[in-house]
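I opened my notebook to look around a structure that was new to me. Here is what I looked up, entry by entry.

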Amino acid sequence: MERRDAFGAYTFIVKFEGADEAYFRSCSGLKSEGEVTPVQEGGVNGYERKLIGRTKFPNIVLKQGFAGPAMWNKRAAFASDEKAPPARFNGTITQMGPGNKPAHTWQFIKAWICKWDGPEFDASKNEISFESIEIAHEGLLYMPGAK
């Protein structure tokens, strides 16, 4: 029997079209939720049928990292032209495990950066500056073996 190791939340590497990789310490929103549509069937009083509805994907939120200019340029290009549709892209999020080796990978599709919180600068504090990026997307896939 093969022993499976549990991975801690170490570092996440984000890659997408037109940008170099960016590193983050926190990643949330790797979720998928299927809407449940109840249907009452005539003559069946003991239960109601539950059909599969739309699948919802919350936004991915990446925190405590610094992405560099490529991600900022993707967000800025969309924000500057209100008439143009958002420049959508596909990308991957890879969780790095022990020894800084890839552990798990997820792919998000048809995404765009919907929110950017830049670092706060305060010379009186001895803290690391970090940013937060929120990515809206239309699908999330777990990619087994894509390490």
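**Entry 1: the overall layout**

I began at the N terminus and read the elements off in order: β-β-β-β-β-α-β-β-β-β. That gives one helix and nine strands, where helices (H or I, at least four residues) and strands (E, at least two) are DSSP runs, numbered from the N terminus.

I noted the ground rules before going on. This is a predicted model, in which local features need pLDDT of at least 70 and side-chain atom pairs count only at pLDDT 80 or more, while totals for chains, interfaces and linings use all residues. Residues are numbered from 1 along each chain as its sequence is written, and side-chain values use heavy atoms, with hydrogens and water left out.

**Entry 2: inside and outside**

How much of the chain is buried? I found that buried residues make up 28% of the 147 residues; buried means under 20% relative accessible area, exposed over 50%, and partly exposed in between (1.4 Å probe, protein chains only).

I also looked up the surface. The chain exposes about 10300 Å², and carbon and sulfur atoms supply 50% of that area. Accessible areas come from the Shrake-Rupley method with a 1.4 Å probe, and for residues only the protein chains shown count as cover.

Then I checked contacts, meaning heavy atoms within 4.5 Å. Of the contacts with a separation of 6 or more, 62% are between residues 24 or more positions apart.

**Entry 3: the largest nonpolar core**

Which residues touch the most other members of the largest nonpolar core? I found Met71 and Phe108, in a core of 19 residues. The elements that give two or more residues to this core are β1 (11-16), β2 (19-28), β5 (60-66), β6 (89-96), β7 (102-117) and β8 (131-136). β7 gives the most, with five residues. For my own reference, a nonpolar core is a set of buried Ala, Val, Leu, Ile, Met, Phe, Trp, Tyr and Cys residues joined through side-chain atoms within 4.5 Å.

Leaving aside neighbours within four places in sequence, its contacts include Val14, Phe16, Ile60, Phe89, Ile93, Ile135 and Leu140.

Is Thr105 buried or exposed? This residue of strand β7 is buried, because its relative accessible area is 4%. Its side chain makes a polar contact with the side chain of Thr94 at 3.4 Å. A polar contact is a pair of N or O atoms within 3.5 Å; within protein, one must be able to donate a hydrogen and the other to accept it, and residues adjacent in sequence count only if both atoms are side-chain atoms.

Lys110 counts as partly exposed, at 48% relative accessibility.

I then stepped into the loop between β6 and β7, the place of Lys101. Lys101 counts as exposed because its relative accessibility is 58%. Beyond neighbours within four places in sequence, Lys101 is in contact with Gln95 and Met96.

**Entry 4: charged pairs**

How many salt bridges does a search of the whole structure find? I counted two, a salt bridge being a side-chain nitrogen of Lys or Arg within 4 Å of a carboxyl oxygen of Asp or Glu.

One joins the side chains of Glu41 and Arg49, at 2.5 Å from N to O. Glu41 is partly exposed at 35%, and Arg49 is partly exposed at 40%.

In the other, Arg88 pairs with Glu138, the closest N and O atoms being 2.8 Å apart. This pair links distant parts of the chain: Arg88 is in the loop between α1 (69-80) and β6, and Glu138 is in the loop between β8 and β9 (139-142), 50 residues apart. Arg88 is partly exposed at 40%, and so is Glu138 at 44%.

**Entry 5: cysteines, and one last distance**

I looked for disulfides (pairs of cysteine sulfur atoms within 2.5 Å) and found zero. Cys27 counts as buried at 18% relative accessibility, whereas Cys114 is partly exposed at 22%.

Gln64 and Pro119 are 55 residues apart in sequence and 9.2 Å apart in space, C-alpha to C-alpha.
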